[in-house]
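Please look at the sequence and the structure shown here before reading on.

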Amino acid sequence: MKHYQSKMNPSLAVFRGLKHAGIDFAASVPCVNLQQLLTTVGEDPGIIHVPVTREEEGVGVCAGAWMGGKKPALLMQNSGLGNSINALASLDLLYEIPLLMIISHRGCEGEPIVGQVPMGRLTPGLLDAMQIPRFSPAPVQAEETVAKAWSLAAAERKPVAVLLDLQFWRDA
Amino acid sequence: MKRIEAIALAAKAAQGQNALLVCNIGFPSRELYAVKDRSENFYMLGSMGLASSIGLGLALARPDRKVIVLDGDGAVLMNLGTLATIAHHAPENYLLIILDNGCYGSTGSQPTCTHQGTDLAALAAAAGVRQVKAAHDPEDFALALSGRGVVLAKVEPGNADVPIIDLSPEEIIERFMRSFPPAPPS
């Protein structure tokens, strides 16, 4: 039996990054790969967690929270990026509102569900077209990268994405 | 009741309650700007449908301040899930006002489904919002503005002859955020 204890739990690494960054507000739409992170975020008394019905709604909730003094993160699958494009552009980019997006990136190498593939392929290009910075750390760098991604979002007052593909979540 | 009359009543209530006021895109924001501009008004210039969501995030972040949202039937129909989220997460300091004129008033008054009978107050109640009030006249509406939850008021279609908002997005948000001091430490 392989011994995994020396490896970083990917969900825990992301969570530590959120805490390291001072994230105190999160909106979310689930992905199977986010389940452990969502449970941990939901149980943290220092984070207000709002499960929303659609990712675009989460962009709005997070924008309001930031105006109210919070440091917001949106936890979602990359399919939800497609649901959020107009809000990211005509709310966050227009008013210069920062947002940390933790995105489970489906539809890439190893994806078993064919329906995930088109958005999976398009996701990096959509972020690039919107000039939204994106990072894809390995689990061992995830804590630091997530924290830095928020710092960048706050400094440049814009959304920043952390894209975490199937391999990332498999590295448990 | 004309929409601009409802907006004037809501603006007066917001001022009286020292509330933050988030306003839907298009003519509603222009009408609010014309009848009662305050630094505590956040005027949306894009992201149609998200006024109620922006207000929800703000109300959760600032439980010490009343947050009032001025929204429309077309915008709420575009983000119906917001009613379910509000039902389960909106704090006591949150009030969503839906001014229902039965049409997309800023784009040529094309009818919305509320024109055919879709009842947004019933939808809010069915979503689980416990405090839902349908206001039928200006007095009724003014009374409901001190409450929480969702208030629906039918208003006449049509826009007032008001100018565009001569503030940049940066000016709107900077002014808005400066208008209320940081939250007291919890």
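Predicted model: local features only at pLDDT ≥ 70, side-chain atom pairs only at ≥ 80, totals over all residues.

Residues are numbered from 1 along each chain as its sequence is written, and chains are lettered from A and ligands numbered from 1 in the order in which they are written.

**The sheet of chain B**

In chain B, six strands make up an open sheet with parallel pairing, and their order is β2-β1-β3-β4-β8-β7. Helices (H or I, at least four residues) and strands (E, at least two) are DSSP runs, numbered from the N terminus, and two strands pair if DSSP finds at least two bridges between them. In general, the strands of a sheet pair through backbone hydrogen bonds, either parallel or antiparallel. The edges of the sheet are formed by β2 (41–43) and β7 (132–135) of chain B, each of which pairs on one side only. On average, and with direction ignored, neighbouring strands of the sheet are turned by 20° against each other; axes are lines fitted to C-alpha atoms, for helices over the stretch in contact, and angles run from 0 to 180 degrees between N-to-C directions.

| Strand pair | Bridges | Residue pair |
|---|---|---|
| β3(B) and β4(B) | six bridges | Val69(B) and Leu96(B) |
| β4(B) and β8(B) | six bridges | Leu99(B) and Ala153(B) |
| β7(B) and β8(B) | four bridges | Ala135(B) and Ala153(B) |

Seven of the seven residues of β4(B) are buried, where buried stands for 20 or more other C-beta atoms within 10 Å of a residue's own, with C-beta atoms placed from the backbone. Tyr94(B), Leu96(B), Ile98(B) and Asp100(B) point one way from this strand, whereas Leu95(B), Ile97(B) and Leu99(B) point the other way.

**Where chains A and B meet**

Between the chains, 24 residues of chain A are in contact with 26 residues of chain B, contact being counted when the C-beta atoms of two residues, placed from the backbone, lie within 7 Å. On the side of chain A that touches chain B, β2 (48–51), α3 (55–67) and α4 (79–95) of chain A each supply at least two residues, and the largest share, eight residues, comes from α3(A). The residues on this side of chain A divide into 13 nonpolar, seven polar and four charged; Ala, Val, Leu, Ile, Met, Phe, Trp, Tyr, Cys and Pro count as nonpolar, Asp, Glu, Lys and Arg as charged, and the others, Gly among them, as polar.

Technical notes. Buried ≥ 20, exposed ≤ 12 C-beta atoms within 10 Å, placed from the backbone.
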